[in-house]
Amino acid sequence: MAASQQAAAVRLSDDGPDGRASWQRLLIAVLLTTFSGVGMWSVVVALPTVQADFGVARGGASLPYTLTMIGFGIGGVVMGRVADRMGIVVPSLLGCVMLGVGYVAAGLAPNLATYAIAHGLLIGFGASASFGPLMADISFWFVRRRGIAVAICASGNYLAGAFWPPIVQWSIADYGWRATHIGLGAICVALMLPLVGTLRKRPNFSAAAQAAAQSHFTPTRMALSPGVLQTLLIIAGIACCVAMSMPQVHIVAYCGDLGYGVARGAEMLSLMLGFGIVSRIASGFIADRLGGLLTLLIGSVLQGVALVLYTLSDGLTQLYVVSALFGLFQGGIVPSYAMIVREYFPANEAATRVGLCMTATLLGMALGGWMSGVIFDLTGSYRAAFLNGIAWNLLNGAITVFLLTRRGQRLDRVKVAPA
């Protein structure tokens, strides 16, 4: 009885995991992820206008998005390593400044190459600080509700996708894409700087360890070396997000090609990501009960179903419905990787390893976004691009099933680190 009361006190105290301070920290993290997430979605909305302004093909116009995702991915590893060594404040501050400078540089870009470089080196890299590193940081503040907390934190990225595209589309239509980019830079700095200052407090690791022991937390084992497991997670992350990128990157242009207008496409993107928020939060509850791997498999199967539905739909109402389903089906995939890392790797490597997984997913988005544009240029339609996404999704599912067959087994000859 005394031990139970002590565990409850640790969980509910301001300093302990799952307590008031933890939920306050989560709220700040969600806001930062939402504000910085404009760096991922503004380039998608601006794609048709930038393509027309610079007079390039669809594949070339997709390059800024590709570089944004590459910058986001590489930045996730670099910023994660900085966070592991110096805490979350330093990378968050760097990211805020890079976003502001990057948007101003993009707005003043004289050509597509400069515009793309500004997105890759500054906007993508800067936005990465408020995604993977923040997810890892939040995982230290929760034990019993770690899955839902990580999922809520990751939902900020989709909140950004639901919130920003209509605003960016309206601003581009009224003020032009250049003024819109410069304005976004100023807004990012003004909104994010005050929030970064509230992150200075570090989690109470001793309380977290005590609560973990008292809640009967046991490290999970897998019959794979850490290096092999990390490699497979990277490949799986690339594969799932090559598939995911097709609708997310090209739905605006796709609607324009079908004659429905880019504004309808922006609405579908917002709808897709809005339902993705529901999916991400639901995936957190699932992960707390079934674990990260099963959650990943569920998301992968459902994403494949939605991609098949896209190949069968080209009516306006159909596309709205399928876009909502796509968001509802795939939103839990990316945060599942953070949960898998916390289940199978040491806690002091969390930010770096989550960063590696997030880099893989973003590289997948970058590759898929560019690949879909090239396939469109070669075939004149997006049907083949959807089929390409389905094939990559099957690869993700196969890797996840393999990892599930190795779960819970012990590898006698290789030291497997606990979570």
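## Helices H8 and H9

H8 and helix H9 (residues 146-175) pack with their axes 9 Å apart, at an angle of about 155°. Angles over 145 degrees count as roughly antiparallel, so H8 is roughly antiparallel to H9. The crossing of the two is right-handed. This is a predicted model.

Which residues make the contact? From H8 come Leu134, Met135, Ile138 and Ser139. From H9 come Arg146, Ala149, Val150, Cys153 and Ala154. By class, seven of the residues in the contact of H8 with H9 are nonpolar, one is polar and one is charged.

## Met135 in H8

Met135 belongs to helix H8, which spans residues 132-139. Is Met135 buried or exposed? Its relative accessible area is 1%. Buried means under 20%, so Met135 is buried.

Leave aside the neighbours within four places in sequence. Met135 is then in contact with Val150, Cys153, Ala154, Pro335, Ala338 and Met358. Leu26 is 109 residues from Met135 in sequence. In space, the two are 9.3 Å apart, C-alpha to C-alpha.

## The chain as a whole

How many helices and strands does the protein chain have? The secondary structure comes to 18 helices and zero strands. The chain has 419 residues, and 58% of them count as buried.

The chain exposes about 15,500 Å². Carbon and sulfur atoms supply 68% of that area.

## Helices H2 and H10

Two packed helices are described by the angle between their axes and the distance between the axes. Helix H2 covers residues 20-36, and helix H10 covers residues 177-196. Their axes come within 10 Å and cross at roughly 160°. H2 and H10 are therefore roughly antiparallel to each other. Their crossing is left-handed.

On the H2 side, the contact involves Ile28, Leu31, Leu32, Phe35 and Ser36. They meet Cys188, Leu191, Met192, Leu195 and Val196 in H10. The contact of H2 with H10 has nine nonpolar residues, one polar residue and no charged ones.

## Helices H5 and H6

Helix H5 runs over residues 63-86, and helix H6 over residues 89-107. Their axes are 8 Å apart and pack at an angle of about 145°. H5 contributes Met79, Val82, Ala83 and Met86 to the contact. H6 contributes Val90, Pro91, Leu94, Gly95 and Met98. Eight residues of this contact of H5 with H6 are nonpolar, one is polar and none is charged.

Gly75 also lies in helix H5. Gly75 has a relative accessible area of 0%, so it is buried. Beyond its neighbours within four places in sequence, Gly75 is in contact with Gly80, Phe125 and Ser128. Where does Gly355 sit relative to Gly75? The two are 280 residues apart in sequence and 8.2 Å apart in space, C-alpha to C-alpha.

## Two glutamines

Gln330 lies in helix H15, residues 316-330. Gln330 is buried, because its relative accessible area is 0%. Which residues does Gln330 touch, leaving aside its neighbours within four places in sequence? They are Tyr158, Met244, Gln248, Ser279 and Gln303.

Gln51 is part of helix H3, residues 38-54. Its relative accessibility is 16%. That is why Gln51 counts as buried, given the cut-off of under 20%. With neighbours within four places in sequence left aside, Gln51 is in contact with Val56, Ala57, Arg58 and Ala61.

## A loop residue

Leu258 lies in a loop, between helix H12 (226-257) and helix H13 (262-290). Its relative accessibility is 33%. Buried means under 20% and exposed means over 50%, so Leu258 counts as partly exposed.

Leaving aside neighbours within four places in sequence, Leu258 is in contact with Asp314 and Leu319. Gly315 is 57 residues away from Leu258 in sequence. Their C-alpha atoms are 8.8 Å apart in space.

Key: Residues numbered from 1 in each chain as written. Predicted model: local features only at pLDDT ≥ 70, side-chain atom pairs only at ≥ 80, totals over all residues. Heavy atoms only, no water. Axes fitted to C-alpha atoms, helices over the stretch in contact; angles between N-to-C directions. Helix = DSSP H or I, 4+ residues; strand = E, 2+ residues; numbered from the N terminus. Contact = heavy atoms within 4.5 Å. Nonpolar A, V, L, I, M, F, W, Y, C, P; charged D, E, K, R; others polar. Parallel < 35°, antiparallel > 145°, perpendicular 65-115°, else oblique. Left-handed = near helix turned anticlockwise from the far one by under 90°. Buried < 20%, exposed > 50% of the residue type's maximum accessible area, 1.4 Å probe, protein only. Areas by Shrake-Rupley, 256 points an atom, 1.4 Å probe, with all protein chains shown as cover.
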